[in-house]
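User: I would like to learn how to read aromatic pairs, surface patches and a few side-chain contacts. Could you take me through them one at a time?

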Amino acid sequence: MEAPAERNGVNQIILTGIVLSTMPVGEYDRRVVILTKEQGKISAFARGARRPNSPLVGALNPFSFGTFTMYEGRTSYTIQSASISNYFAELRGDIIGAYYGFYFLEFTDYYTKEFNDEREMLKLLYQTLRALTNPHIPNMLIRYIQAPQVFQCMTCGNKERHAVFSAVKGGLVCSECMKDVRDGMSLDPSTLYSMQYIETSTIEKLYTFNVTEKVLTELGNVMSRMTDIYVGKHFKSLEILETLI
């Protein structure tokens with residue numbers, strides 16, 4: 001981030017990020033939520049951004065990734081200009097892909113915090129949106145990628161005994177510890193291997209594999225159980241998506 005400039009006692013800063021959401025304010029303005037590399041999630045106002053001749057009219061849409069020049073006031077930011085390097089235009093022309101994208105934006109907005117270090121989340125979101133534009137990677141696989149503990153028993157740490165997956169426990173539970181487990185799910189070895197790959201992969205290599213229909217179904221079951229237990233929110237975009245697929 002460049003050193004802040006000052007105008008009339010207000011600092012000008014340049015932030016890099018992705019637009020998560022926008023909403024109209026008043027007759028011509030917008031309120032924009034951006035996940036930034038430098039300051040985490042922020043809210044900013046764009047004065048006149050809904051006017052047809054505004055240079056911001058096409059720049060502040062969801063998915064837009066780039067740099068945003070803004071003034072930092074005492075209680076809010078005001079966007080002055082934007083330089084967008086990726087609009088993810090492919091998603092805008094694909095209704096299914098778009099709603100997968102909106103789901104990830106909504107999910108990110110829910111889990112990130114203002115002024116928190118969210119650089120890894122920003123990197124993950126960017127790579128996820130890129131993966132959605134790749135025709136060789138199923139959108140459903142991208143949605144199901146997650147990383148619970150799948151290398152050892154959550155209770156005793158054993159790595160050798162047969163184990164089942166328990167969403168309640170948050171990972172694998174071995175045969176000696178599964179007596180009280182009521183949601184145990186036996187996983188195909190390929191499913192377990194895929195989950196282990198996900199857990200150990202870097203973000204840059206996360207979306208570089210594919211799976212069979214059987215593995216995809218099991219990953220979906222794991223994801224569904226984990227979401228039911230640990231995600232305390234229903235996402236509107238996901239509800240719409242599930243009516244389309």
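Analyst: What follows is a reading of selected side-chain features in this structure, which is a predicted model.

User: How should I read an aromatic pair, and how many does a search of the whole structure find?

Analyst: A pair of aromatic rings is described by the distance of the centres and the angle of the planes. A search of the whole structure here finds 13 aromatic pairs. For Phe 107 and Tyr 111, the ring centres lie 4.8 Å apart with the planes at 35°, so this pair is tilted.

User: Where do Phe 107 and Tyr 111 lie in helix H2 relative to one another, and is Tyr 111 buried or partly exposed?

Analyst: Both belong to helix H2 (residues 95-111), and because they are 4 residues apart, about one helical turn separates them. Phe 107 has a relative accessible area of 24% and is partly exposed, and Tyr 111, with a relative accessible area of 35%, is partly exposed as well.

User: Which geometry does the pair of Tyr 197 and Phe 209 have?

Analyst: The pair formed by Tyr 197 and Phe 209 is edge-to-face, with 5.2 Å from centre to centre and 70° between the planes. It links distant parts of the chain, since Tyr 197 is in helix H5 (residues 189-200) while Phe 209, 12 residues apart from it, is in the loop between H5 and helix H6 (213-230). Tyr 197 is partly exposed at a relative accessible area of 25%, whereas Phe 209 counts as buried because its relative accessibility is 17%, and the cut-off for buried is under 20%.

User: Which residues form one aromatic cluster?

Analyst: Phe 107 and Tyr 111 return here, together with Tyr 103, Phe 104, Tyr 110 and Phe 235, as members of one aromatic cluster.

User: Which residue has its charged end over the ring of Tyr 28, and what does the side chain of Lys 41 reach?

Analyst: The charged end of Arg 51 sits over the ring of Tyr 28, at 3.7 Å from the ring centre. Lys 41, found in strand E4 (residues 40-46), is buried with a relative accessible area of 11%, and its side chain reaches the backbone oxygen of Asp 109 at 2.7 Å.

User: Finally, which residues form a nonpolar patch on the surface?

Analyst: Ile 95, Ile 240, Leu 244 and Ile 245 form such a patch, and together they have about 340 Å² of accessible area.

Terms used:
Residues are numbered from 1 along each chain as its sequence is written. This is a predicted model: local features need pLDDT of at least 70, side-chain atom pairs count only at pLDDT 80 or more; totals for chains, interfaces and linings use all residues. Side-chain values use heavy atoms; hydrogens and water are left out. Patches are made of residues with over 30% relative accessible area and no salt bridge: like charges are joined within 9 Å, nonpolar side chains (Val, Leu, Ile, Met, Phe, Trp, Tyr) within 5 Å. Accessible areas come from the Shrake-Rupley method with a 1.4 Å probe; for residues, only the protein chains shown count as cover. A salt bridge is a side-chain nitrogen of Lys or Arg within 4 Å of a carboxyl oxygen of Asp or Glu. Rings of Phe, Tyr and Trp (its six-membered ring) pair if their centres lie within 6.5 Å; planes under 30 degrees apart count as stacked, over 60 as edge-to-face and the rest as tilted. Helices (H or I, at least four residues) and strands (E, at least two) are DSSP runs, numbered from the N terminus. Buried means under 20% relative accessible area, exposed over 50%, partly exposed in between (1.4 Å probe, protein chains only). A charge sits over a ring if NZ of Lys or CZ of Arg is within 6 Å of the ring centre and within 35 degrees of the ring normal. A polar contact is a pair of N or O atoms within 3.5 Å; within protein, one must be able to donate a hydrogen and the other to accept it, and residues adjacent in sequence count only if both atoms are side-chain atoms.
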